[in-house]
Amino acid sequence: MTTDATPTVKAMIDRALESTGPAAVLAFAAEMTKPKSGWKGPRKLTRDQALAATRTVTSMLRRFGLKPTKVLVGAGRASQPSATGRFYLTDLEMAGEPVTKRLATGIGAHVDHVKAIARHARKKGHAVDEGALLAELADAVGAFLEPFRAEPELEPDAELAGDVNRIADHLSNPGRRFELARSLAEARRLELGFDAAAGEMVFHGPAAHMHDRGNTPVIPLLTRMVAHAEATVSRGEWEDGEESALFFARPKLTPLGRTHCAICQEVGLGVVADPDRRGGLRMVFTLDPVTYVGEPGPTAGGDAWDKAGYARFLRFGAYPTPGDIDRLAEGGLFFEAAAPDRYDCGEFRSFYEQVVAEWEPGDEDRLWGRRHLPVTPETCRMLLVDDDWTAFDIWRSFAEIPERSVLPRDAEDDAGVVSRTVRARFAALLYADAEPSVAGLLGAEAERRCEALDAFLMKSATGLRRRKLEFRARMRR
């Protein structure tokens, strides 16, 4: 992934623009002032601006009769009631007493607090317009927001990343029938993993971390080729009982020939717990490793191993292990791959070469495990390519390899032009005005996991504990 900040800076552009209101400008400012965003403009409120924002938040708390500590802790910016002092003013400070304490200078905190106030006020029966409250905050810090109103055009990758990230807020809405952040934390605490085939939670004990990928709601998007390597394929023959007796035992290997490994990544879009916000969620692209190994034919012993024809390609659910022999799932076959001969992705090359350079015994998990990439303009540009046919599309058309994806086969724009690009097909699903949509599909996956956790807990609960769980489930409906 590129580290060039220029595209991110162009993201000055997100939704904060001429056709949008104060709420969108604030949302854009909060996103762009996060760490590592690449934004080169102002990141912090001045003392006077922070005081104005804090006074506005305090005024809202008073207006709706809300307890400051409860609301502010629930917003996720303070870990406990005693840590909320810098986010609101006391009665004396509101009355004019000099404010000498440290105040929050990040606009994101004040935005989160206004949203939390709107939620709590609605629970108390007040008719609250969140947009109107955010407009009050925008008026209080008007000068700070001016740089974020500057650009009249949207940069496509920043717009797309911003809209995808909105799904995390949508799924963490307190009014939803399921509580995904709570379920993710509870599943990890209880050492559970979601079995997608059975649709239920399974106890894994200390090895539960190896099953975390099942707990993450993910929808499959595409498969991409990231590298190519030469390999030697062998057939293994076991002596009686050897395979079951020794986990690390190797059979007698008979080389079949040289072959081609297509090293790929299965890309999905997922939602995970946000470590920076209690009860919050964040969007990620998931990268699952997979290697396709050609079964050698009669000509596989020659020099043109990378162009030889193969009867079939066999799936291996990881990247090749450097200097080791990996076992294929079919036909008693094993393969040993050389270092990649060609890379199609610079981000993968950096990752793989770093793994090899730092290799220690037991590092196989790094080649078998799922990776998460944040949803940013850079990752959208890298993964959601604007090509009609990707390298994997072309290759699998003759290799007869299936691809799991929720994306439609094509997309039609407002002018009636049909496109097969990954970008257009993803955008069509993201902005669909009827289900299925990206948000709807992820919501369904999240709900399955939350319901499976509730069912697991209910199985072992009795008496008052069971009645409490049933009550909480009803209250989420």
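A residue counts as buried under 20% relative accessible area, as exposed over 50%, and as partly exposed in between. The legends below describe close-up views of a predicted model.

**View 1. A salt bridge joins the side chains of R342 and D344.** The N to O distance in this pair is 3.3 Å. R342 has a relative accessible area of 43% and is therefore partly exposed. D344 is also partly exposed, because its relative accessibility is 36%.

**View 2. R62 and D91 pair across distant parts of the chain.** Their side chains meet in a salt bridge, with 2.9 Å from N to O. R62 belongs to helix α3 and D91 to helix α5 (residues 91-94), and the two residues are 29 residues apart. At 46% relative accessible area, R62 is partly exposed, whereas D91, at 56%, is exposed.

**View 3. E31 and K34 form a salt bridge.** The N to O distance is 3.3 Å. E31 is partly exposed at 31% relative accessibility, and K34 is partly exposed at 43%.

**View 4. Four lysines make a patch of positive charge on the surface.** The patch consists of K67, K70, K123 and K124. K67 sits in the loop between α3 (47-63) and α4 (68-74), and K123 is in helix α6 (residues 107-123). K67 is exposed, with 57% relative accessible area; K123 is exposed too, at 65%. The C-alpha atoms of K67 and H120 are separated by 9.7 Å, although these residues are 53 residues apart along the chain.

**View 5. A patch of negative charge includes E412.** E412 lies in strand β11 (residues 411-412) and is exposed, with a relative accessible area of 60%.

**View 6. The largest nonpolar core contains 58 residues.** L269, F285, F348 and F426 have the most contacts inside this core. Strand β3 (residues 218-237) contributes the most to the core, with 8 residues. A second, separate core has 42 residues, among them L45, L66, L72 and A118.

**View 7. A cis peptide bond links E435 and P436.** Omega at this bond is about 5°. Most peptide bonds are trans. P436 is located in the loop between α17 (422-430) and α18 (438-460).

Note on methods: Residues are numbered from 1 along each chain as its sequence is written. This is a predicted model: local features need pLDDT of at least 70, side-chain atom pairs count only at pLDDT 80 or more; totals for chains, interfaces and linings use all residues. Side-chain values use heavy atoms; hydrogens and water are left out. Patches are made of residues with over 30% relative accessible area and no salt bridge: like charges are joined within 9 Å, nonpolar side chains (Val, Leu, Ile, Met, Phe, Trp, Tyr) within 5 Å. Accessible areas come from the Shrake-Rupley method with a 1.4 Å probe; for residues, only the protein chains shown count as cover. Lys and Arg count as positive and Asp and Glu as negative; His and the chain ends are not counted. The place of a charge is taken as NZ of Lys, CZ of Arg, CG of Asp or CD of Glu. Helices (H or I, at least four residues) and strands (E, at least two) are DSSP runs, numbered from the N terminus. Buried means under 20% relative accessible area, exposed over 50%, partly exposed in between (1.4 Å probe, protein chains only). A nonpolar core is a set of buried Ala, Val, Leu, Ile, Met, Phe, Trp, Tyr and Cys residues joined through side-chain atoms within 4.5 Å.
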